[in-house]
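This briefing is meant for a reader meeting the structure for the first time. Please look over the sequence and the 3D view below before turning to the grouped points.

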Amino acid sequence: MVHKPNSKEVLVPTQAPRKLDARRAAFFLDFDGTLVPFDAPDVKKPRVDDGLRSLLAELHECTGGALALISGRTIETIDDLFEPMRLAVAGEHGAEWRLTPDGEHSHIEMPSGLNAALAACEAWVKQNPGTRFERKKLSMVLHFHRHPELRDSAAAVAQAVCLPGRGIKMLHARGMVEIKPSAASKGHAVERFMRNSPYAGRKPVFLGDDVTDEDGFFAANALGGISVKIGPGTSHAHYRLPDHDAVREWLESCLD
């Protein structure tokens, strides 16, 4: 079970992580804002360049395959972005997963509350031009990147449909509010990977940039691993790197 520290344990990390020996680590990496810039995510497709593909391929080889992306995006979307490369992935904040690049695609059971929330979310988007509703397989998102003043309104709609017993919860993120299965989190995803080969017995290393990554930090910390916050803001992570370029530089250093 993911450790949930109390509010007094919230940190403002300033120190960069020391160089690690990748051969003894298991890397869990957020995608948007961590490996690529968080740049107009509602209207612009992120670019996965050859340098990133090469870096992750080297990291995969060095760790004996103990490398996974832990993303709010779907596995299908991650595969499309990295094509023809395939990676181990947990998608939709841990609601779906593939433990190895060529492994079986598994997912949790879809909660009944998702369908119940659909009409209210679609109605909110129609009432607020410039916003967008995104329906994924096991979650849904209200996007308001260009209208940050609508955060409270979007959150109110999402919170109203996340009633007890529906199996869904609201999750704040930058420029969006997500409704996802209560049973799914990035922390649960890390724990699931760490129970399986080739991750078991290694030091978990989780890197992420958003509040949606906090559960991943909790899990890595509880398992004696390393947690790294990307960019500004308070966090339960123990270390910080400024941006995606610094992430790549640090990961490269772990390969030496």
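Predicted model: local features only at pLDDT ≥ 70, side-chain atom pairs only at ≥ 80, totals over all residues.

Seven of the ten residues of α7 are buried, so this helix is largely enclosed by the rest of the structure.

**Helix α7 and its surroundings**

- The buried residues of α7 are His244, Ala246, Val247, Arg248, Trp250, Leu251 and Ser253, and these buried residues pack against β1, α1, β10, β11 and β12.

**The nonpolar cores**

- The largest nonpolar core has 34 residues, and those with the most contacts inside it are Phe27, Leu29, Leu35, Leu56, Phe82, Trp250 and Leu251.
- At least two residues of this core are supplied by each of β1 (25-29), α1 (50-62), β2 (67-70), α2 (75-82), β10 (203-208), β11 (226-230), β12 (239-241) and α7 (244-253).
- Leaving aside its neighbours within four places in sequence, Trp250 is in contact with Pro17, Arg18, Lys19, Leu20, Phe27, Val205, Leu207 and Leu241.
- A second, separate core has 22 residues, and Ile70, Leu138, Ala184 and Ala219 are among them.
- As a general background, nonpolar side chains in soluble globular proteins tend to be buried together.

- Four strands form an open sheet in the order β6-β7-β9-β8, with antiparallel pairing, and its edge strands are β6 (132-135) and β8 (168-173), each of which pairs on one side only.
- On average, and with direction ignored, neighbouring strands of this sheet are turned by 20° against each other.
- Strand β6 is joined by four bridges to β7 (residues 140-143), the two running antiparallel, and Arg132 stands opposite His143 in β7.
- Helix α3 (residues 113-127) packs on the sheet, where it touches β6, β7, β8 and β9 (176-181), and the direction of α3 makes about 160° with that of β6.
- Helix α4 (residues 151-161) also packs on the sheet, where it touches β7, β8 and β9, and the direction of α4 makes about 165° with that of β8.

**Two buried residues**

- Leu138 lies in the loop between β6 and β7, and at 4% relative accessibility, under the 20% cut-off, Leu138 counts as buried.
- The C-alpha atoms of Leu138 and Ile108 are separated by 8.4 Å, although these residues are 30 residues apart along the chain.
- Beyond its neighbours within four places in sequence, Leu138 is in contact with Glu92, Ala95, Glu96, His107, Ile108, Met110, Leu114, Lys180 and Pro181.
- Lys186 has its place in helix α5 (residues 186-194), and at 2% relative accessibility Lys186 likewise counts as buried.
- Again leaving aside neighbours within four places in sequence, Lys186 is in contact with Asp30, Ile70, Ser71, Gly72, His93, Phe206, Thr212, Asp213, Asp215 and Gly216.

How values were computed. Residues numbered from 1 in each chain as written. Heavy atoms only, no water. Core = buried A, V, L, I, M, F, W, Y, C linked by side-chain atoms within 4.5 Å. Buried < 20%, exposed > 50% of the residue type's maximum accessible area, 1.4 Å probe, protein only. Contact = heavy atoms within 4.5 Å. Pairing = 2+ DSSP bridges. Axes fitted to C-alpha atoms, helices over the stretch in contact; angles between N-to-C directions.
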